[in-house]
Structures are given as C-alpha cells and as structure tokens.
There are 2 protein chains.
Amino acid sequence: MTVVADHAVVAQSNGRERSSEIHIGLLGVGRVGRAVVRLAPSAAKVAGQRIRVVSGLVRDLRSGRDCPLPLTDDPGAIFASAPQVIVEALGGTEPARTLVLEALARGIAVVTANKTLLAYHGEELLAAAWAAGVPLRYEASVIAGVPFLGTLARRPFAANITSITGIVNGTTNYVLSEMRRARISYADALAEAQRCGYAEADASKDVNGFDAVEKLAVLVRQLAGVRVAAPAIETRGIGGITAADHEHAAELGGTIKPIASAAWDHPQISAFVGPSFVPAAHPLAKIEGSTNGICLRDRDGREVSFIGPGAGPDVTASTILDDVLEAALERALWHEPAPAANTAAPSTPWFVRLASRSGLLDGPEIASVCARQNVWVERTSSLDTRRGGEGRWLLTYPCRRDQIERVTTALNAATNGEAAVWRALA
Amino acid sequence: MTVVADHAVVAQSNGRERSSEIHIGLLGVGRVGRAVVRLAPSAAKVAGQRIRVVSGLVRDLRSGRDCPLPLTDDPGAIFASAPQVIVEALGGTEPARTLVLEALARGIAVVTANKTLLAYHGEELLAAAWAAGVPLRYEASVIAGVPFLGTLARRPFAANITSITGIVNGTTNYVLSEMRRARISYADALAEAQRCGYAEADASKDVNGFDAVEKLAVLVRQLAGVRVAAPAIETRGIGGITAADHEHAAELGGTIKPIASAAWDHPQISAFVGPSFVPAAHPLAKIEGSTNGICLRDRDGREVSFIGPGAGPDVTASTILDDVLEAALERALWHEPAPAANTAAPSTPWFVRLASRSGLLDGPEIASVCARQNVWVERTSSLDTRRGGEGRWLLTYPCRRDQIERVTTALNAATNGEAAVWRALA
C-alpha cells in the first residue's frame, strides 16, 4: 500500500477524527484571545466540526473575570485539560517560547499569531515541531487576513521566489494614506488612526518599523530558507514624513508607502524596512488605508500578489481558527454542494454604446427612453469621437439585463441604430 | 493519543515517506504534460524528494515519440505501473472523467488542471475522492500561477466569502489590454496575441467566455458550496468591443476588462461572464496583459485579492507538481534554514528632501554634489512649495545608503540644511 493510501486510511478509519470535538487550550486572554473564544462557535459551524476552548491561561486571574472560560494562572493546568491544539495569544517571547516548546514536546499542535516569537525563536520552535512530528501554524503572523504563508510552505516549487516586497503593517499604511488623502500632518494622522482603532495608544513598535521588520524576518526564513536576525535589517520609521513630502512624491510620479522588502541569492540577502517612494504603476501603490499586500517575484520575473486585511482581533482570530482546523484535521474539509440553485444574472450598471445610421438622439431624449424602463443614466461620455464614426457612450445606474435590452430596442427603433451593452462593475 | 498525534506518528514512522520516490502516472502528453515531465526534476530538487514520471498515456503512440518516457495507449498499463499520483493532462471530459474515477477507486491520488472536467463533473469526482479517502487536487484549474483554491478549501472560516469578481482568462485580458494600449482593433490585438503565444490558433473558447465560465463554475462550487451549471451563467464574448469603446470607457473613468463575477446568498446566486466596464479605482482595473486576478469579498465587506499569472504550460505544470507534492506528502515540507546570512541593505533609488536655512542649491549644483559620490539624479520635483517652507525634492538612480548619506552630508554642509532620504522602489 502506498504512503498516500496509508494516510487516507488513517484519516477515514479513525472515528474520533470526524466526530470528536476539537479542544483548544488558550494561552493569553487579551483582545485576540477573547476574539478566538467569541468566534470559535462560528468557525465550528462553517467547518461542520465541534470546537471548544477548554481552558485559558492568564497572568492575573482578576483580569479575565468576564471571559466565559475556565481560567487559570498555572500553565500545568492548561496541559492537564488535554487540548488537541494550543493557541498561543500571549505575545512577546517569554513565557510564550517556553510554553510552546512544552506543548510541542507533549505532542500538542500549536497555533500562534506571534511574529515576535517567530522572528526571534522561529528556528528553535520549527525544529522542535518537526522533531515531535506536530503541527506549528502561524498564518496570522503576517498579513493576518490573507492565507499565503502556510500555502507557500507546502508548495515551494511553483513560487520559486527570489524577492518579496510588501506593505505588512496596517497602522503605518493607514497613517501615510491619511496624510496624503486629507493633507494632514503625521501627528494628526497618527491621532486619527488611534481614534479609529487603527493604531494602539503606544504605536511606537508600528511607526518605528519594528513590527514590520519582525514580519520580514518571518517571511525571509519561510520563503528564502535563510535565517535573518530582525535587528540586522535596515529599519526606518515613518515619523519624518511631511505633508510636503507627499505632494512632491505625487509630482515625481509616485506615492510614499511603508515598505518591507527582501531579495536573495543564496546565501546573500539584501533587505530593508521603511517608508519608501513607490512608483504609481507598482502593484503596492494603490493599497490604501490599513490594507496590507505583498508581491512575490520569481526567478523568471513572474509576480504573484496577495492583498487583504492585515490585522485586528477578529481577522487574526479567524485565521487562527482556520489554522486550528487545519492542524487538527490535516485535510481539506468537505461539504456536499447545495442542490443546483437558480442562477440569476445580477443587476449591475451598464456601459452602453449607441451607434446610429440616421442621426443621434441627444442626452435628454436618451434619458427619457431609459426612464420609461426605470433605467437611469449616470454619466455620458463627452469625448469627441475622433475616428469618424458617430456614436454615444454612457454609463447607467444598476438595472437588470431585460430592462437594458428594452431600452436598446427602443433606442434602435428610434434611430435605426445598433446599440451594444456590456455590464459595468459598481 | 490525540488524532493529531496519530497523523504525525504515521508521517514520521513511515520510512518510505521520507525516502521513497513519488511515482507519477501521466495521462496526456501534450504541452502541459510535457512541461510536467520537463519540470519534475526541478520540483524534486526544491522539495528534497525524488519524483519520477513512470508512464505516460497517449491516444496515438506516434505522437509522443520524442518524449523521454515509457508511453502507452492503454490506460490499464498506466495503473499497472503503480503510480502514487495520477496527473490528468488530457483536457476535456472523456476519457478524463472515466480514468480519474478509476484512479480514485484504486486509491490513487489525482492531480488535474482540467477546468472543463471539474465544471461539468466536479461533484461526482469530489464525492468519489471523499468516499475513497484519496486526494483530488486541481489548484492549476483557475489562475494556474496563484495558489488559493486549495488553501480556501482547507480554510473556509476566515474567508467567509459572499462574492467573487475576477479576471480569470489571460487571452482576453491580453487582447483587451493591447487594444487599449496600442489603440488597435480587436482583430489586430487577437492576431498579436496569437503571434506572442497568449492565444491559441483557435481562440474561440477564450474569446467567447466559455473558458472563463467553466472556471467560474469551479469557483462557485468551491467557495459558495453551490452547484452551478456553466451554461446557466450569462456569458458574453469580447468580440464586439471597439477601439472607440475603450476611449469612451476611459473618458467615463474606467476601463474594459474580461470579468467573471458571482455573488451569493444561499441558495440564490447571481453571476455573469463578459467584458465589463471597471472603474479605475477597482482592484482589477490595473491588472494588465495576460495576468489574472481575483477579489473575494466577505460578509463584512473585507476584500482579499490574489493576482498572478493565469496560464501557460510551465506555470500550469509547476502548480501541478506542487499539487503532486501536497497530495503525496500531505504535510508542509521542512528545510533547515541556511546559516545566518550577511544581511546587506540593497542599492535602490532614493527619494530626497533638501531643506535649507541658508538658501537652496540649484539643480546643477545638486547634481554636481551627487556626481562626486557617483550618485545620479533622475528627476527633480517642479511643484511649487505652497506651504511657505523652502525645499527641493528629487529622485535618484539606484545607489547604496552610504553613498546617499555622503551626498546629504555634503549638501547639508553647503546649505546649512537638513536633508532627509527614503528609499524608492524601482
């Protein structure tokens, strides 16, 4: 029997796997830990599994009183609760490192979003996980809302990456985006970010680039297979950027973004973190607000980009819970697809071209024909048609295809013309 | 012992897994099949595994004479070669469907990039794979160069997707991009695409939207959990678009892209495929040439985008080989990271702000100071500084940090100023 079949037989024959609850032991009951507790029932429903957070570790028992969870300040009690998966949400390096090592040594899978722990102790933890034959997952540690890190760990060949360039810190991208958008100072944009929850009260780790450089170290280990000490990477904060810098960057054909970048040619690596001028045509130039994104380039110059939300307790907890499911199940979930649904064509705006052989209608005439079908014109192109043909182009507000087709039938009848329509995205 | 540990122990204790060759049986030796044969040794090297294509199925034995592989026109001989993984590269529905079902029934993992097969027989094949407890992978069937489909199958919770909008056909995106860029007709752009290898000689399946709608059906089953028949989805080709349409679309604030889109609210689904007006601010508006991309939106309006190469024999074969490794190993690969490398800061262009308390240097004076450090000015901002402060902003060609710092030291000495520098992406 082949290896593949061995695996499959275990997965199928082990009755506990399909029916048992997944028990989570939670280290740390802060904002992320509480979101894990709150979202676990929804994740269980989506996965068709039962998931239960069976115990939570806090440093001070008084701090978790409002959390609906058996709490302890004794790590031994967490392990005694026999979880299948430990979720580490303490942050920082200790006691996180010691407890993760203990979990792995006990054969318990570990999920964490702790980039500091991974940046400084990643090799030790990954080697321990490998030696124990136990999963260690950390998808939420970099661009928490976009699954790509574990995927590329499993699939190194097609990616064949030689450089990465990304926006991996949402606070600094929000601050720089707001400075430019609202033409405000760095201090005002940072205060705004704090008011809106995009920056912590102490934002120093974000604005100085320390958060981003830890993530870059995690990415480089994973994607380049090279150990890099975060402090060895050139790191600059965003504090010096002024409103005038943004204006002149635009004048020079680009925008200022908080960039983390690394390129390698084994064993040489060059890397930096800091606010950087990004040409307008670069894929990262349009990533605004707290959104994160990363571009991976391969040996042949092909580029793959992953873009999405970078942080926040709910986003992080959702990704942690997917890691929990993956670590506990080690296979794709399966749901019988729902019965064939009626497939409706949607209501969308429409891009309309009116060509005519017997003269054009003017704007009000077109609008009046449209209005009779409850279709409303949003904009009409004012461009002169330089190529000799006669025509009008317009965008409508959303309507159904049958409505726009009644409009074009009426317009064609009125002008002896041939209207053409295509959908438009909102 | 927990389920997780059971899995891990199998993975560790099975000596064959770490040392054995992965044997591939290849169905179909066309452009993709040949690329699989050619790239398998590189994939094996990256993965630290041995991979061997042990047999190939062809319809006509004369067609594969130049392929370095034992070939047969008898499917039974493929199964007799005892492969761990079948790679299906025949295309179309039959005999692909029958052979994939037979492989799964025999407990052999299957990898395919065949979106037609999946669009029309996906439920049957996935149910058969599940019943047999055998992997069936098809990452390369949609946006071949970007791994996201299998990832989201394993990780459904964080994504929680309610709509998808994508550019999933490279031929039509190339044709529409070229029409706009070079201001040429549809016929000329299509001929150009065929000349450059972005379109097949018979491009009808691409330009009519049939390729895209099959991919959309695969995506909807996977991400919405709903069965949709591809022919039930509104599908339009790109043939009617003119150069004038592109000009007026730009005038109306957008661009015309080949879009596949679906939104759902169980069990209702609305979907369409066709050339569409895309507003300039939309994430898909900037995806040019043969590149593909997809935006997934969740219940809370959060958006995740995956962008990259969509097709081509080598891209497809690379992704197939990653699927083979995943299917055969069912776990992340592990490489001991290389020893700590020297981390160099790279040479990049620089964005420079020169502020001065005692008067500014003019452009030639600045260029002369730079030139003494072998630093060359690319552009100087001509924007009037409307805020009262005095300064100059410029972009340099790439140089090292020590060079640019010697430049700013010299400029500061000459002007009693305070220069600031940030890196720029090329």
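Trainee: In which helix is Ser318(B) found?

Mentor: Ser318(B) sits in helix H14 (residues 313–329) of chain B; helices here are DSSP runs of H or I with at least four residues, numbered from the N terminus. This is a predicted model, where local features need pLDDT of at least 70 and side-chain atom pairs count only at pLDDT 80 or more, while totals for chains, interfaces and linings use all residues. Residues are numbered from 1 along each chain as its sequence is written, chains are lettered from A and ligands numbered from 1 in the order written, and side-chain values use heavy atoms, leaving out hydrogens and water.

Trainee: Is Ser318(B) buried or exposed?

Mentor: Ser318(B) counts as buried because its relative accessibility is 7%. Buried means under 20% relative accessible area, exposed over 50%, and partly exposed in between (1.4 Å probe, protein chains only). Leaving aside neighbours within four places in sequence, Ser318(B) is in contact (heavy atoms within 4.5 Å) with Phe157(A), Ala158(A) and Leu39(B).

Trainee: How do I read helix packing?

Mentor: Two packed helices are described by the angle and the distance between their axes. Here, the axes of H5 (residues 96–105) and H6 (residues 115–132), both of chain A, come within 9 Å and cross at roughly 10°. Axes are lines fitted to C-alpha atoms, for helices over the stretch in contact, with angles from 0 to 180 degrees between N-to-C directions. H5(A) and H6(A) are therefore roughly parallel, a term for angles under 35 degrees.

Trainee: Which residues make the contact?

Mentor: Among them are Val100(A) and Leu104(A) of H5(A), and Leu125(A) and Ala128(A) of H6(A).

Key
Helices (H or I, at least four residues) and strands (E, at least two) are DSSP runs, numbered from the N terminus. Angles under 35 degrees count as roughly parallel, over 145 as roughly antiparallel, 65 to 115 as roughly perpendicular and the rest as oblique.
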